[in-house]
Amino acid sequence: MADEKRLMKGNEAMGEAAVRAGCDAYFGYPITPQNELTAYMAKHMLDHKRVFIQAESEVSAINMVYGAAATGARSMTSSSSPGISLKQEGISYACGADVPIVVINVARSGPGLGGISPAQGDYFQSTRGGGHGDYFHIVLAPKSVQEAADLTFEAFDLADEWRMPAMVLADGMIGQMMEGVVLPQPKDPATRVAKPWASGNRPAGRPVNHVDSTHLVPEEFEQANIARYKRYDEMKKTLVRYEEQHVEDADLILAAYGTSARVCLGAMQMARKLGLKVGLFRPITLWPFPEKRLGELAGKRFLTVEMSMGQMVEDVRLHTRGKSEVSFYGRCGGMIPTEEDVLAEIRRILKK
Amino acid sequence: MATKGKLEIDRERCKGCLLCVRACPVKVLAADVEPNSWGYYPSKAVAPEKCIACGNCFAVCPDVAISVYKL
Amino acid sequence: MELIYGHPKSLKPIQTKYCPGCGHGVIHRLITEVIDELGMQQKSVILNPVGCSIWASIYFDFDSVQVPHGRTPAGATGVKRMLPDHLVICYQGDGDLAAIGTAEAVHAANRGEKFTTIFVNNAIYGMTGGQMAPTTLVGQKATTAPYGRDPVEAGMGYPIRVLEMFATLEGTRYLARGAVNNAANTRKTKQYIKKAFEAQLRGEGSTMVEILSQCPTNWAMDPVESVEWVESDMIPFYKLGEIKDELQGSAVKEAAK
């Protein structure tokens, strides 16, 4: 029995998707532009007799998530850029202790307090660790309300399967806009992956479980990190997702994610009408990044479009290995590029 | 007849803090002159016949190095 | 011959890293004695943060979650909300609870979270080598207060009586302060811990037991001198006893008298 298509705000669609994924506990703190998500969870988690706490800070919230998840529960928090900065320590701990959690970032402009309008300035923070130490975690970048709901729903499974945080990196545009969405069917809790490593509910005979990221013996710590990175290698083989259109014959490929990719889609269509051979490459997993596919497309010209001063563009340059000319067009501070802006840049580069 | 007790002290667990010596009301305990393998001078029942099994030594010991028996 | 005082079952029979005379060892024993008496070894979870308390998970023979510095009450909130029938222990030192983690501690207490906080107050930062703590006494020396804590000239603030502060929060139900400087206080402290744990298992909260603890190494004293300092300096400032008792269980016992 499929759900009907509903008109929903992005923030609320992500909340509903989390509820349907079986989120047992949500801990959050108010911050614009994601407050509708926190409010949605406040109502619906209590309606479902699950746990909701408005924590005293983003710092506290991420640690509540970590504690709940350490017992094997599905737990989530959401915030926006400055609040995600506060959560970096907790995320590092979750990565170091192999605890699955879900974190939603509805990104806004920075640095500092910045503004409340949409931006994509948290790419480095999300994909380069953000917190201290050697680690990566799953980063999923939706482009629409539908995709935001789908990826939030799936984030819980991916986090559990790979034992790490899964972050949904949306932005204020996606969080605030309203679009039609078909929500996934609620997940049957019996289909969740088992968590024998969790603390609590210790059956007779099971040795003590310590959920812990402490490693004071260097020889052992090195081995533990190497083992974790082997897991990352497995993920790079199976988890990469991207969407591409018209790249085969393209003279110029637009590389963008999230809201920027929506804009680029329109710009590409306008360009094609003018006879310009433009394609679009849209990473969906920002980590693991579609390195291999970019390597295959190396040699083509790229125009990376971001709502930042240029962050993902470095990965495009890195993975085309010097074989591509990679240009950058960005707006920041909460400014959103228009299709016309991007088309003008396309024409400038192609000299047409 | 007054309660009498007996102590078993794990010399290797004891760190020689001597809080038990201070806590004992009848002066059963004192620091041993022989150190343990860690270099600590553990507590020793030097006057075991005086022990009344009050358990004060056990109560203050941070290392659970003492077991107290009632005779 | 009958064993009357022996090693608790839920405490691992291994030598600890704690310094000779350190109060942590006694407190670990009291906690595990109560857990054994309540039969809760399989359903206990301890949260061990940062500071000397990081070692707690090595010695308690039950599940644990290691949390960032100061975040212990937040982590414990997550654990206890997911495992309401378990005995959840938030084990913190004075830096963890009264410096970096004050917000988390206040708000968990205020929400009436049902876990029990064991607050080990040694008026100094132990693990990191003896810096001033929020509970360091005026005039007491520390590596970051080499001339003694001076609230006036040097703006170093005053020692914080945490339980008295928390007593004003409506969410708190049982707040008691004990010490492990001598046998009598140690026994009283065990009763406070037992009362708090029993309250937790009845679903009452929040509960906290602060325990004045000697830190010979960082006070630059030998163990016997250190318990004497607890008696001469700490106890007069941090009063022992049940600071707040609004437990239903206590009310029932009072009525029955």
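1. Let's start where the chains meet: 26 residues from chain C and 32 residues from chain A make up the contact (two residues touch if their C-beta atoms, placed from the backbone, lie within 7 Å). Keep in mind that this is a predicted model, where local features need pLDDT of at least 70, side-chain atom pairs count only at pLDDT 80 or more, and totals for chains, interfaces and linings use all residues. Residues are numbered from 1 along each chain as its sequence is written, and chains are lettered from A in the order in which they are written.

2. On the side of chain C that touches chain A, strand E3 (63-66), helix H3 (72-82) and helix H5 (102-110) each supply at least two residues. Helices (H or I, at least four residues) and strands (E, at least two) are DSSP runs, numbered from the N terminus. H3(C) gives the largest share, eight residues.

3. A pairing also links the chains: strand E9 (residues 210-211) of chain A and E3(C) run parallel, with two bridges. DSSP must find at least two bridges before strands count as paired. Look for A:His210, which stands opposite C:Ser64.

4. Now to chain A itself. Seven strands form an open, mixed sheet in the order E3-E2-E4-E5-E7-E6-E13. Strands E3 (51-54) and E13 (285-287) of chain A are at the edges with a single partner strand each, so one side of each has no neighbour in the sheet.

5. Inside that sheet, E2 (residues 25-28) and E4 (residues 75-79) of chain A are parallel and joined by two bridges. A:Ala25 has A:Ser75 in E4(A) as its bridge partner.
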